Amino acid sequence: MAGLSSAASRTGSHRAAFVPTLARLGRATAAGRCSQVGRARSAVLPGSFGGHARGLAGGARLDLDDVFSLRSSETDTMVENDGEEFDPGEIEGTDLRVLKYPHPKLRADDAEVDVFDDDLKKTIKELFMVMYACNGVGLAAPQVGINKRIMVFNPDGDPKKWPKEVALVNPKIVDTSSTTDVETEGCLSFPGMDGKVRRHKWVKVEAVNAMGKPIKKKYTGWEARVFQHEYDHLEGKVYIDRLIDDEDKERVQPVLDGLIEKYKAEYGDDYAL
């Protein structure tokens, strides 16, 4: 999910790599989480903009012992906002921008990463910058026009809690729970909409980190949902593909039609539904 945002509660609506409605995996719920899957927790008031966040967004020092993330110990200036996920437009420190449906890169094949260098570390750092700037909790590389199998997330959506940052390269799901649950999701690449999505309650994952070191991890609950939302982006899927409620599908269709018309007006007919 193009990034998740932290919501007020894990059981609230979420939007990953989403916009400021329910939560990117939706919007913030009572407990404070949105999900880019959604957006950043309400605890993250003030949110970070323009790379002024702590963590990878700060970009100071690499902890090579951490298998999940690149981390920064610098304290940076925070810009205040209302905690809602949103599209910040230009972000200081990066040229990356969140792509909107029906941009073809959201549906394109994503290549495995085979070079683990400073460019990869820079990409991961900037993904976190964009995620935090949008008050998100997760973001996948294709959401910013990079068709490579890279995703980042922070289940709390709080740049101050940088030890919880996760950066996964070439992830794959090796096992899933037989049980599922349903929550509301949204996405930054699909502004102004959300809907109910069914996900596995847990997933087992294999990946590598930015240094190419293998990672094996089991994600459960909220983290599992955030991971699955972002993982879908690496498979060319988006959350509207998984809407389970006919009413939700009918409700979002006019918004989708509007996004298509806006894209065609700006970029022509090279799009992917």
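Okay, let's start with a pair of strands: S7, residues 180–187, and S8, residues 190–200, run antiparallel to each other and pair over seven bridges. For the terms here, two strands count as paired if DSSP finds at least two bridges between them, and helices (H or I, at least four residues) and strands (E, at least two) are DSSP runs, numbered from the N terminus. A hairpin of two residues takes you from S7 to S8. If you want a spot to look at, find Glu-185, which sits opposite Gly-195 in S8.

Before I go on, this is a predicted model, so local features need pLDDT of at least 70 and side-chain atom pairs count only at pLDDT 80 or more, while totals for chains, interfaces and linings use all residues. Residues are numbered from 1 along each chain as its sequence is written, and side-chain values use heavy atoms, with hydrogens and water left out.

Zooming out, the protein chain has three helices and 10 strands. In sequence order the pattern is β-β-β-α-β-β-β-β-β-β-β-α-α. There are 273 residues, and 56% of them count as buried, meaning under 20% relative accessible area, with exposed being over 50% and partly exposed in between (1.4 Å probe, protein chains only).

Now, the inside. What does the largest nonpolar core look like? It has 24 residues, and Ile-124, Val-130 and Val-152 have the most contacts inside it. A nonpolar core here is a set of buried Ala, Val, Leu, Ile, Met, Phe, Trp, Tyr and Cys residues joined through side-chain atoms within 4.5 Å. Helix H1 (118–133), strand S5 (150–153) and strand S6 (166–176) each put in at least two residues, and H1 gives the most, with eight.

Take Val-130: leaving aside neighbours within four places in sequence, Val-130 is in contact (heavy atoms within 4.5 Å) with Ile-91, Thr-94, Leu-96, Val-98, Leu-139 and Val-144. There's also a second, separate core of 17 residues, and Ala-140, Met-151, Leu-168 and Ala-224 are among them.

On to the cysteines. How many disulfides does a search of the whole structure find? Zero, where a disulfide is a pair of cysteine sulfur atoms within 2.5 Å. Cys-134 is buried, at 1% relative accessible area, and Cys-187 is buried too, at 0%.

Last bit, the contacts along the chain. Looking at contacts with a separation of 6 or more, 66% are between residues 24 or more positions apart.
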